[in-house]
Structure formats: C-alpha cells, structure tokens
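Student: I am new to this structure. Please show me how to read it, one feature at a time.

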Number of protein chains: 2
Amino acid sequence: MDELYHLPVFKHLTPGGRQRLESGTSIKQIKRANRILYKGAMASGAYIVLRGRLRVFSISPSGTEATLYFIDPGETCVLALNCLFQDLRYPAWVETETDTRVAVVTGPVYRRLFTEEASIQNLTVKALSTSVFRLMNALEHVHFLKLEHRLANLILSGASSNGTLSMTQQEIAGHLGTAREVVSRLVKSFVENNYIRTGRGMIQITDARAMADMVSGEIP
Amino acid sequence: MDELYHLPVFKHLTPGGRQRLESGTSIKQIKRANRILYKGAMASGAYIVLRGRLRVFSISPSGTEATLYFIDPGETCVLALNCLFQDLRYPAWVETETDTRVAVVTGPVYRRLFTEEASIQNLTVKALSTSVFRLMNALEHVHFLKLEHRLANLILSGASSNGTLSMTQQEIAGHLGTAREVVSRLVKSFVENNYIRTGRGMIQITDARAMADMVSGEIP
DNA sequence: CGACAAACGTGATAAATGTCACAGACGCAA
DNA sequence: TTGCGTCTGTGACATTTATCACGTTTGTCG
C-alpha cells in the first residue's frame, strides 16, 4: 500500500483523503497477457497502474485487434474513469502487456476523492485530456497516414533508448490493426533503405532521421 | 450574459463564482462557415456554445478534411479545455456550421472556477469523457468499418426526425474523410436497394431498418 | 542433436478506396 | 429563358491494403 504514495499524485492528499483512499483501494498483481476488462463490462473502479503496462485495444467484427493506447505506471485508465463518471459500460478491451500491478479504487471512493482533493481532480483531468490527445492523434493517423508512416511512427515511439523495438511483426500488426504480411513487406522496404535492421522479434533503428521524416508523412 | 445562466451548468454557481465568471467571460456571435480556431493556435479560453453548432475537424497533408465531432449548445470545446489544462496548442481546426454564439471564458478564470465550483468540475469531466467516448467510437469505426457502413451511420445519425439529411455529397465526403465520387457510388447503391431516395443536397431515408442493419456492420 | 513451434518472407490475387476526367442535371438570378 | 455555378453520375484506372497459401528461418527444449 505504501507503493501508492510513491506516486506523485497521492503525495499531497489530506489526511482524511489518505484514509479514504486506503479504505477503498485494493492492489492487484496480474500476470502478463491477461484480459482484465472486457467490452461491455461495468468498470468496478479507477485503475491506477503501479508497475508494468496495460494495453487498451478494440476488436473488429472480423477478429483483428487494434491497440488504442497503453497505460504506463503512474497513469490511470481513462475509460474506467469515464465509466465511473458517466455510469457507462466499458467500451474496449484491456489486457496486461507484462506482469502488472494495479491499484483499484472503488467508484464511490474515487468520486468522493475527486470532489475533495485537488490532486485527484488534477490527475483526473490530466488523464482524460492526455487521452483525448492520444485518441485524436491516433484518429488523424488512421485517417490520413499510410501504413508505412504509421509503422515508422510505431517503431520510433516504441523503441527503447538504444533504438531497439522488441516486438514480433505479429504484435506490430495487432497494434496497427493490419495483417502480419503487410508489416513484413513494409519492414522489408525499410531494411532495403537501410533505415532499420531486423532480427527475430526485434527491430533496430539505424537511421533515426530518415524514420522521423517518414513519420511526419511529409514525404509521401 | 443572462443567456449563460440558462445553461444548467451555470445555475448552481456560488455568488463568488458568478462574479468571477462574468468578469472573465465574453460572448461572441459568429457567422456560419467561419474558422475560429486553427491547428497550432493557443486556445484563449474555454468555449461554451450557446447557440448554433461548431464543427471540429482535421486536415490531411493532401488537403482533405475529416470531421472529428460537433459541439452543440450547452457543450464546451474539449480541446480548448485540454489546452488550458495542459498548456498545449490546439490540435485541430474548428469552424462554425451555422451562425453560432459562444461564451469564451478566459483560461485563468476557468481554472480558478474549476478548483472552486463543483458544477464546473462536473462540466469539465463530463465534457472530457464524452469526448473520449466519441473519439474511441470514431476510431473504431475508421479502423474497422467499411465506408459503406460509416456512411449509413452518418446518414442515420445526421438525419432529422423526418428522416431527411440535408447535406451535399461533398460535405458528406468531408465528414467521412473520403472523396465525393466514392460517396456518390455508395449512395447510388443505397438507392438501388431502396434504402434511401436522393435529391439535390439531401437524402431521404426510406428504409430505416435496413440502414440500421448496415450501421452495425454485422451484415458485411 | 533433432524436432517442434514460433517468427518471418513472398508470390498471387482480390477487394476497397482514391484519383482523374468529363458529362449531365438542377436551381437560381439576371 | 438563358446562362452560370453548383451538385451529381460515371467510366477508367492506379494504389493501397487484405487474404490465402505456402516455404524458410530461427530459437528452444527435451
């Protein structure tokens, strides 16, 4: 439970707020690749990621998935907040990418905290608004950018500091909402241009500049 | 200015809140088809629509537009809120669909109201979260549904109570982010199936049931 | 090592959408 | 009525993406 207070958000709670928070929070440890929310589920509370990573995605009628966004430590699941505040059902799927630890604050407690604690108000508004931005971005990209550009974007933004992305092409295809074969071909074209090198389950950026140019979509 | 208090949101302000609101609000009347915000602009405050309708859209590198969503009376522009709370630049374009009257609350005043007035907190969170839902929906549709289905959806959800949609095919294409010719062909196929009838600048639904079936995307 | 599964490559082909070019139809205003 | 501008219809075609059907490589584990 102390782990909660490591997060900046919870450092400035009033004593009363702390007490309320603790009474209404349970911490869950979930192994990787587990679905924790389904489309249509009632969200049981606010989810705050402590460690690991959640992936929020939607599933098409034909079964292919597409990632909407991720939730990293310190962040909270916006959709669950939505459900809490608007009393709606959950509109997507969520699963753990890696082993993940989440704090679940029950709905009533969270709502109460929201009215009383400035830091919770901030967390909430910021979470919602980052989410709006991400979604807008995603929407723009899906609308206007070719897969090539979206892939370049994914590789750049998903790569670790040393320029490596550890994902199978199948996973990448899932994130972009397309098929593995398509990814394979695009990757191949990147390799031929010496933008990247590839290995099993990983991509290594060699020409970050060129990739960045792709992302902008301004060299179509 | 009285007009403000017709909105449910502002009915429950504290006296101090009212005063602050009035000191920081200006009301603007804008003619139809005027751009009021550009991508990259700094939002000067919170926009609350009193009458008329705003359209929020993005523009692709190649110039085609696509509607993200509308803002109707009583609603507020979420993106501007984002900008206020996160100090970002505006990520899309906004223009008036019809003659529109908006109340603009300056950033500092709005932020202050947010910390002090429960009703403003609610407005904000609800606005943000509806927006998240709309965007999620749009994103899912763009990802997974064929244009045919998205068009059916637009026609149904845009039609007035008598089943008529007053829009040129060019406008429709703009909303869907596609080309007029494509719309023309899809419309034609709907007409051939007797789902709709068409006239210059309008579409009349004749078989709402069949259209609704299309929307679901479950009869591909 | 050998075998097995997972990851990747590739060709052929179909479907959906975008683009270009132009013709016809409609409605308003002079 | 006669233009003229806007809206719509349509054919031909290029591109992009999806799908199917394989074959090949790579890593892991008994």
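Student: What rotation and what shift along its axis superpose chain A on chain B?

Tutor: First, the general idea. Two copies of a chain are related by a rotation about an axis and a shift along it. Here, chain A is superposed on chain B by a rotation of 180° with 0.1 Å of shift along its axis, and the RMSD is 0.3 Å. The two copies are thus related as by a two-fold rotation axis. The superposition is by least squares on the C-alpha atoms of residues with pLDDT of at least 70 in both copies.

Tutor: A word on the model. It is predicted, so local features need pLDDT of at least 70 and side-chain atom pairs count only at pLDDT 80 or more, while totals for chains, interfaces and linings use all residues. Residues are numbered from 1 along each chain as its sequence is written, and chains are lettered from A and ligands numbered from 1 in the order in which they are written.

Student: How many residues does the contact take from chain A and from chain B?

Tutor: The contact takes 35 residues from chain A and 35 from chain B. Two residues are in contact if their C-beta atoms, placed from the backbone, lie within 7 Å. The same surface serves both copies: 100% of the contact residues of chain A recur in chain B.

Student: Which element gives the largest share of the side of chain A that touches chain B?

Tutor: That is α5(A), with 18 residues. In chain A, β5 (65-71), α3 (78-86) and α5 (118-144) each supply at least two residues of this side. Helices (H or I, at least four residues) and strands (E, at least two) are DSSP runs, numbered from the N terminus.

Student: What classes of residue make up that side of chain A?

Tutor: There are 20 nonpolar, twelve polar and three charged residues on the side of chain A that touches chain B. Ala, Val, Leu, Ile, Met, Phe, Trp, Tyr, Cys and Pro count as nonpolar, Asp, Glu, Lys and Arg as charged, and the others, Gly among them, as polar.

Student: Now the DNA. Which residues come nearest to DNA strand D?

Tutor: Of the 22 residues around DNA strand D, the nearest are Lys146(A), Leu147(A), Thr178(A), Thr168(B) and Gln169(B). A residue is near a molecule or strand if its C-beta atom, placed from the backbone, lies within 6 Å of it. α8(B) gives the largest share of the surface near DNA strand D, six residues. By class, this surface has four nonpolar, nine polar and nine charged residues.

Student: Which residues come nearest to DNA strand C?

Tutor: Around DNA strand C there are 20 residues, and Thr168(A), Gln169(A), Lys146(B), Leu147(B) and Thr178(B) come nearest. Here α8(A) gives the most to the surface, with five residues. The surface near DNA strand C divides into four nonpolar, eight polar and eight charged residues.

Student: Which helices supply at least two residues each near DNA strand C?

Tutor: From chain A they are α7 (169-176) and α8. From chain B they are α6 (147-158) and α8.

Student: How do I read two packed helices? At what angle do α7(A) and α8(A) cross?

Tutor: Two packed helices are described by the angle between their axes and the distance between the axes. The axes of α7(A) and α8(A) cross at roughly 105° and come within 8 Å. Axes are lines fitted to C-alpha atoms, for helices over the stretch in contact, and angles run from 0 to 180 degrees between N-to-C directions. α7(A) and α8(A) are therefore roughly perpendicular to each other. Angles under 35 degrees count as roughly parallel, over 145 as roughly antiparallel, 65 to 115 as roughly perpendicular and the rest as oblique.

Student: Which residues of α7(A) and α8(A) meet?

Tutor: Gln169(A), Gln170(A), Ile172(A) and Ala173(A) come from α7(A). They meet Arg180(A), Val182(A), Val183(A), Ser184(A) and Val187(A) in α8(A). This contact of α7(A) with α8(A) has five nonpolar, three polar and one charged residues.

Student: What is the strand order of the open sheet in chain A?

Tutor: The order of its four strands is β2-β6-β4-β5, with antiparallel pairing. Two strands pair if DSSP finds at least two bridges between them. The edge strands of chain A are β2 (35-37) and β5, and each pairs on one side only. On average, neighbouring strands of this sheet are turned by 35° against each other, direction ignored.

Student: How many bridges join β4 and β6 of chain A?

Tutor: Strand β4 (residues 54-59) and strand β6 (residues 93-96) of chain A pair over four bridges, in the antiparallel sense. Phe57(A) stands opposite Trp93(A) in β6(A).
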